[in-house]
Amino acid sequence: MKLLIVEDEPSLSSIIRKGFSERNHDVSVALDGTTALELLSNHAFDVVLLDVMLPDINGIEICRRLRAAKNFVPILLLTALGSSENIINGLNSGADDYLVKPFKFLELDARVNALSRRAGLLQKPTEVITIADLKINSKTKTVSRNGDPIILTAKEFKLLYYLAKNAETILSREQLLDNVWDINFDMNTNVIDVYINYLRKKIDKPYETKLIHTMKGLGYVMKS
């Protein structure tokens, strides 16, 4: 699933993101309501985990705006406000479920899965991604091109898989750092460029058709 976490407490959002990333979900994080609305207007998400108490636009207002705009993405509200009145207010604003803090991650995971089942979103993930003559098997962690096996390190595979999973989409260095390295690197680091170069030597250099492309000033995109 493609999940959006809207939570202004970095430590909590990091724990939630790590938990869902380990379950092979694609996770984005917004630390405030303005960023969340921008992401939701430009990207499609399967489930939104939305904190109520945000520093700018609160979660209740975000729910109302999304529903008014005919965006019916499943929303799970996360909040320390656990009174019946708060829960009713949250659900009436358009949220699909409501979880009171503190909570156990296993319960959060179960509720997200339940929301996705109701929306018909939980499907068996694609094990093999094919782009031109490149094949990436997420189950066996193997890669081949034109039938030739390609040996990658664990980090190279994770970077290639993320690029391929988002084929035709331009990915910024920040997105790659956030989703492949899963920690806050210095944005001035050249680690992305170094690993892209590693991949190009193995994936592109021996073949006529290049798959990994640099979009100047924007990031990278994988396309045939």
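Q: Into which domains is the chain divided?
A: The chain is divided into domain 1 (2-119) and domain 2 (128-222), with bounds that come from an automatic or database domain assignment. This is a predicted model, in which local features need pLDDT of at least 70 and side-chain atom pairs count only at pLDDT 80 or more, while totals for chains, interfaces and linings use all residues. Residues are numbered from 1 along each chain as its sequence is written, and side-chain values use heavy atoms, with hydrogens and water left out.

Q: What is known from UniProt about residues 2-116?
A: An unreviewed UniProt entry places the feature "domain: Response regulatory" there; such annotations may be inferred rather than shown by experiment. Over residues 2-116 the chain is 46% helix and 21% strand, where helices (H or I, at least four residues) and strands (E, at least two) are DSSP runs numbered from the N terminus.

Q: How many residues of domain 1 and domain 2 are in contact?
A: Four residues of domain 1 are in contact with six residues of domain 2, contact meaning heavy atoms within 4.5 Å. The C-alpha centres of the two domains lie 29 Å apart.

Q: What area do domain 1 and domain 2 bury between them?
A: The area is about 490 Å², 21% of it on carbon and sulfur atoms. Buried area is the accessible area (1.4 Å probe) that two parts lose on being put together, summed over both. Arg17, Asp26 and Val27 supply 71% of what domain 1 buries against domain 2, more than any other three residues.

Q: What makes Arg23 and Asp109 a salt bridge?
A: A salt bridge requires a side-chain nitrogen of Lys or Arg within 4 Å of a carboxyl oxygen of Asp or Glu. The closest N and O atoms of Arg23 and Asp109 are 3.1 Å apart, so the pair meets the rule. Arg23 lies in the loop between helix 1 and strand 2 and Asp109 in helix 5 (residues 105-118), so the pair ties together parts that are 86 residues apart in sequence.

Q: Which peptide bond is cis, and what is its omega?
A: The bond that joins Lys101 and Pro102 is cis, with omega of about -10°. Pro102 is placed in the loop between strand 5 (97-100) and helix 5. Most peptide bonds are trans.
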